[in-house]
Amino acid sequence: MKYEELAEAYEILENSSKRLKKTWIISNLLKKTSDKDLEKVIILLQGKVFPSHDKREIGVASKLVLKAIATATGYSAKQIEDLWKKKGDLGLVTEHLMKSKKQNTLFNEELTVKDVFETLQKLSTLEGQGSVDQKVKLISKLLSIAEPLEARYVIRTTLQDLRVGVAEGTLRDAIAWAYLDEANPNYDDSSDSINPKDREKYVEIMLKVQEALDKSNDFGVVAQASRKGLNELAKIKLVVGNPLKVMLAQKVNSVEDAFKTVGKPAALEFKYDGFRMQVHKNENDVVIYTRRLEEVTKQFPEVKNYILKNVKAERCILDCEAAGYDSKTGSYTPFQHISQRIKRKYDIEKIAKDLPIELNVFDILVYNDKILLNTKFSERRKILEQIIKQEPKKIVLSKLLLTDDDKKAKAFFEESIKQGNEGLMFKNLDGIYKPGSRVGFMIKLKSAMDDLDVVIVGAEWGEGKRSGWFTSFTVACQSEDGFLELGKVGTGLKEKSEEGASFEELTNLLKPFIIEEKGREVRVKPEIVVSLQFEEIQKSPSYSSGYALRFPRFVGIREDRSSEDIVSKEEVEELFYNQRKK
Ligand code: AMP
């Protein structure tokens with residue numbers, strides 16, 4: 001496929017905020033896509049060049065892209081930077097410059113989807129001496145073949161900042177519209193509405209596509225199967241060893257509200273303050289993933305041993321919380337205490353001894369040949385009780401109370417807090433397991449003074465002694481309209497990395513995600529999640545969320561979380577109104 005066709009679709013997507021129209025545009029593009037290009041187009045539509053389970057990154061900073069633009073257009077880096085400051089987007093800058101470029105087109109070729117995809121993938125493999133020049137060469141070669149509109153999107157994809165707004169739900173629907181006849185929506189452009197022949201059938205098909213996505217966690221695989229028909233789609237299986245998205249919890253503020261959502265009686269469990277682990281066992285193989293589906297097996301050799309020794313199943317997928325504890329007193333410690341274990345690459349055995357964890361198993365998704373996603377929670381728990389041999393401080397089942405009594409629930413909450421946990425989880429006994437969803441089968445109830453998880457969207461270089469570090473960070477919450485700012489934070493970080501989250505550490509984490517620099521300020525891709533404490537929430541016209549945090553301070557970096565896990569604007573609003581009631 002010519003890249004031009006994709007670029008034209010991107011442009012329409014970028015200029016439209018209507019979800020149905022976007023779905024229509026994508027489905028038409030998919031219909032035209034050959035089998036060979038399908039996976040590439042699906043991935044490029046998501047603004048990436050690797051599928052979600054592949055954690056490789058293009059890893060190219062804006063400075064390097066700037067050089068490539070200079071090489072391809074003949075303009076100086078200074079001229080490009082000045083224009084960047086005016087337009088605020090390097091993609092648009094490149095497009096503009098390509099229209100009046102000083103360099104002649106070197107190649108009389110047409111850019112293809114394959115060229116762009118494979119070249120950008122290649123960037124991630126280049127390392128060491130001479131790699132900067134090689135990367136500049138590869139990007140500038142793409143630009144020298146590209147038309148101006150194509151250049152806009154080549155640059156944005158390289159910087160991992162596509163800005164065309166394709167949500168996962170839109171892509172899912174587009175796949176169904178494109179390939180499954182029964183999901184023909186009869187889209188009407190003039191009224192931007194759909195009118196499927198058989199609505200029930202339409203909904204049923206969408207659910208089937210979603211189910212296939214839940215199992216494979218791979219849009220490419222689902223698109224290929226859908227193209228061959230419903231039979232092929234039904235063949236997609238959950239594979240032990242491949243990560244799947246975890247089910248998320250809704251939040252409530254009282255025991256009464258929790259019961260209202262999950263029904264009575266319910267299973268109440270301690271909410272441990274650790275991090276999520278999805279553990280896959282296939283005979284003697286054990287693979288461990290975080291909530292972001294990053295593989296961390298090597299970092300947790302003791303967990304592998306606990307699983308092999310204490311879990312009686314040939315194959316299974318377990319959902320767990322790894323909770324840190326003090327090796328002397330045995331009491332639970334907060335997440336921040338053990339967070340460094342997630343990224344640690346050396347002295348693994350030593351750190352495992354110094355910062356031990358207890359695996360609290362709370363769910364099971366596959367047991368031998370049975371897939372349990374559609375099995376009731378109460379039955380899943382029963383299986384766990386049968387197959388796990390508990391050993392305190394190594395591997396245990398989450399502590400559970402089955403009750404319909406508000407008073408008992410409140411006492412259980414207090415007990416959990418006293419033991420150093422965050423609060424309680426309430427679980428619907430008949431609830432199924434919905435990967436990636438925040439449906440109301442699982443509810444969290446935490447104490448009021450909880451930390452807030454936010455994502456960093458901008459930062460400012462420090463001055464004087466701290467000039468090599470970012471010292472002030474703009475943080476944001478999530479909303480349907482994207483990420484909205486909540487304020488700036490600079491306190492709570494340490495000077496040195498050995499003492500906890502430091503300026504240096506956060507600077508290094510953010511650097512690869514810089515997408516724009518203006519003077520001392522930078523804008524970064526919303527990737528790094530941090531926990532904050534604050535005095536109070538105020539209304540504020542200065543930030544795009546309409547709210548600001550008063551006296552925010554860092555508690556730590558949440559390496560295990562992605563921007564999908566952060567606080568939402570509605571939750572911020574709720575916190576604002578609740579604090580006023582007190
Ligand atoms: P939150 O991180 O505040 O959205 O709360 C949900 C998280 O609590 C889950 O993703 C788990 O990592 C964690 N958690 C701790 N204990 C449990 C439990 N017993 N059941 C389910 N999740 C738990």
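Colleague: What makes strand 15 and strand 16 a hairpin, and which residue in the turn has a positive phi?

Modeller: In this predicted model, where local features need pLDDT of at least 70, side-chain atom pairs count only at pLDDT 80 or more and totals for chains, interfaces and linings use all residues, strand 15 and strand 16 form a hairpin with 2 residues between them, and Gly519 in the turn has a positive phi of about 60°. Residues are numbered from 1 along each chain as its sequence is written, and side-chain values use heavy atoms, leaving out hydrogens and water. Strands are DSSP runs of E with at least two residues, helices runs of H or I with at least four, both numbered from the N terminus.

Colleague: How do you know that strand 15 pairs with strand 16?

Modeller: Two strands pair if DSSP finds at least two bridges between them, and here 4 bridges join the antiparallel strands; Glu516 has Arg523 as its bridge partner.

Colleague: Why is the pair of Trp177 and Tyr187 called tilted?

Modeller: Rings of Phe, Tyr and Trp (its six-membered ring) pair if their centres lie within 6.5 Å, with planes under 30 degrees apart stacked, over 60 edge-to-face and the rest tilted. By this rule the count comes to 15 aromatic pairs; the centres of Trp177 and Tyr187 are 6.2 Å apart and their planes at 35°, so this pair is tilted.

Colleague: Why is Trp177 called buried?

Modeller: Buried means under 20% relative accessible area, exposed over 50% and partly exposed in between (1.4 Å probe, protein chains only); Trp177 has 5%, so the residue is buried, and Tyr187, at 10%, also counts as buried.
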